[in-house]
Amino acid sequence: MTRTPIYKYTLLALLTLLALSASAQHRGRRNGSFIHAYPVAGLTLSQIEGDELKGFKCPGFTAGVGAIFPLDRNEMWHFSVEATYSQRGARNVVNPDPYKLNGLTLNYVDIPIAIHFTDPYGGITVGAGVGYSRLVQQPHGEIQFKDTYFIPDTSDMTFLRNDIPFIFDVRFPLHENLQFCFRWQYSLIPIKKDWTFTEIFNGTNVETWSNDCYNSSLSFRLLYEFGGSSKSRHGKKNPYRRR
């Protein structure tokens with residue numbers, strides 16, 4: 001297992017985005033637009049496509065900061081950029097079929113960028129985009145296959161450092177500045193290439209094959225907008241809405 005000082009990557013990304021958000025917020029006040037910064041935190045459930053396991057069984061957490069930039073005067077269209085620390089990976093301990101995996105955790109610093117549309121009546125926001133994720137800590141966990149005939153290759157558990165995920169999320173207003181965000185994220189490029197698996201029956205090698213692996217994760221997050229209510233993008237609180 002190779003450990004990288006996570007805090008260096010995380011602090012650099014968060015401080016950079018905070019500085020950009022503060023600058024944008026200052027220009028927004030001066031120009032009459034509404035640019036909001038927000039902290040965000042929540043839980044993740046993830047799996048690794050290609051590891052022959054099924055289900056979003058690996059829990060983790062995510063936290064960071066973001067900024068929202070309007071694209072029209074009514075602020076129904078806008079884009080967001082974030083810097084977050086997120087945990088993803090795989091797990092299979094309840095039902096050890098085809099093999100037991102006691103947590104395979106991948107720690108990332110994510111820079112997602114997404115375009116959003118806010119329903120002016122219900123306030124629900126839907127967004128999609130892409131991101132860049134940097135692996136800052138290689139996996140740690142335990143793989144057991146003593147009581148099974150399905151054997152993954154554990155001789156090299158090194159994962160690729162870079163990930164380019166597709167992002168889809170839905171945001172729901174809860175109260176004033178507080179929102180709930182559900183996000184689905186899926187890798188567009190492999191995070192590990194040619195992971196080899198072997199099936200054994202009666203001591204005989206039945207089949208050996210290799211898979212490329214991809215991150216797939218669900219996150220459930222709370223975000224709090226500074227600089228104005230989330231309702232400022234629709235309804236009577238928006239001073240720029242067309243009359």
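This is a predicted model: local features need pLDDT of at least 70, side-chain atom pairs count only at pLDDT 80 or more; totals for chains, interfaces and linings use all residues.
The largest cavity holds about 110 Å³ of space. It is lined by 13 residues, and those closest to its centre are T62, S86, R183, Q185 and S219. Strand β3 provides the largest share of this lining, namely four residues. At least two lining residues come from each of β3, β4 (100-118), β10 and β12 (204-224).

## Overall organisation

The chain contains one helix and twelve strands. Read from the N terminus, the order of the elements is α-β-β-β-β-β-β-β-β-β-β-β-β. Of the 243 residues in the chain, 46% are buried.

## Confidence

The mean pLDDT of the chain is 82, and 75% of the residues reach a score of at least 70. Confidence is lowest in helix α1 (residues 6-31), where the mean is 55, and highest in β10, where the mean is 97. Over residues 234-243 the pLDDT stays under 50, and for this stretch the model has 22 contacts beyond four places in sequence.

## Aromatic pairs and cluster

Across the whole structure there are twelve aromatic pairs. One of them joins F69 and F79: the ring centres are 5.0 Å apart and the planes meet at 15°, so the pair is classed as stacked. F69 belongs to strand β2 (residues 58-70) and F79 to strand β3 (residues 77-92), so this pair ties together parts that lie ten residues apart in sequence. F69 has a relative accessibility of 17% and counts as buried, because it falls under 20%. F79, with a relative accessible area of 27%, is partly exposed.

F166 and W184 form an edge-to-face pair, with 6.0 Å from centre to centre and 70° between the planes. This pair links distant parts of the chain, since F166 is in strand β9 (residues 165-175) and W184 in strand β10 (residues 178-187), 18 residues apart. F166 counts as partly exposed at 32% relative accessibility. W184 is partly exposed as well, with a relative accessible area of 30%.

A further aromatic group is a cluster formed by F159, W195, F197 and W209. K192 lies over the faces of rings in this group: it is placed 5.4 Å from the ring centre of F159, and 5.9 Å from the ring centre of W195.

E49 lies in strand β1 (residues 36-49). Which residues does E49 contact, leaving aside its neighbours within four places in sequence? They are Y186, D212, C213, Y214 and S216. E49 and Y214 are 165 residues apart along the chain, yet their C-alpha atoms are separated by 5.0 Å. The relative accessible area of E49 is 26%, and the residue is partly exposed.

The backbone of E52 has a positive phi of about 70°, although E52 is not a glycine. E52 is found in the loop between β1 and β2. D194 likewise is a residue other than glycine with a positive phi, near 55°. D194, however, lies in strand β11 (residues 192-201).

Is D194 buried or exposed? At 53% relative accessibility, D194 counts as exposed, because the value is over 50%. E52, by contrast, is partly exposed, with a relative accessible area of 31%.

The accessibility values of the residues discussed above are collected here.

| Residue | Relative accessible area | Class |
|---|---|---|
| F69 | 17% | buried |
| F79 | 27% | partly exposed |
| F166 | 32% | partly exposed |
| W184 | 30% | partly exposed |
| E49 | 26% | partly exposed |
| E52 | 31% | partly exposed |
| D194 | 53% | exposed |

Definitions and conventions: Residues are numbered from 1 along each chain as its sequence is written. Side-chain values use heavy atoms; hydrogens and water are left out. Rings of Phe, Tyr and Trp (its six-membered ring) pair if their centres lie within 6.5 Å; planes under 30 degrees apart count as stacked, over 60 as edge-to-face and the rest as tilted. Buried means under 20% relative accessible area, exposed over 50%, partly exposed in between (1.4 Å probe, protein chains only). A charge sits over a ring if NZ of Lys or CZ of Arg is within 6 Å of the ring centre and within 35 degrees of the ring normal. pLDDT is the predictor's confidence in each residue, from 0 to 100. Contact means heavy atoms within 4.5 Å. On a 1 Å grid over the protein atoms alone, a cavity is a set of points where a 1.4 Å probe fits but cannot get out, and a pocket is an open set with protein on both sides within 12 Å along at least five of seven lines; lining residues have an atom within 4 Å of a point. Grid points are joined across faces, edges and corners, and a volume is the space filled by probe spheres set on the points.
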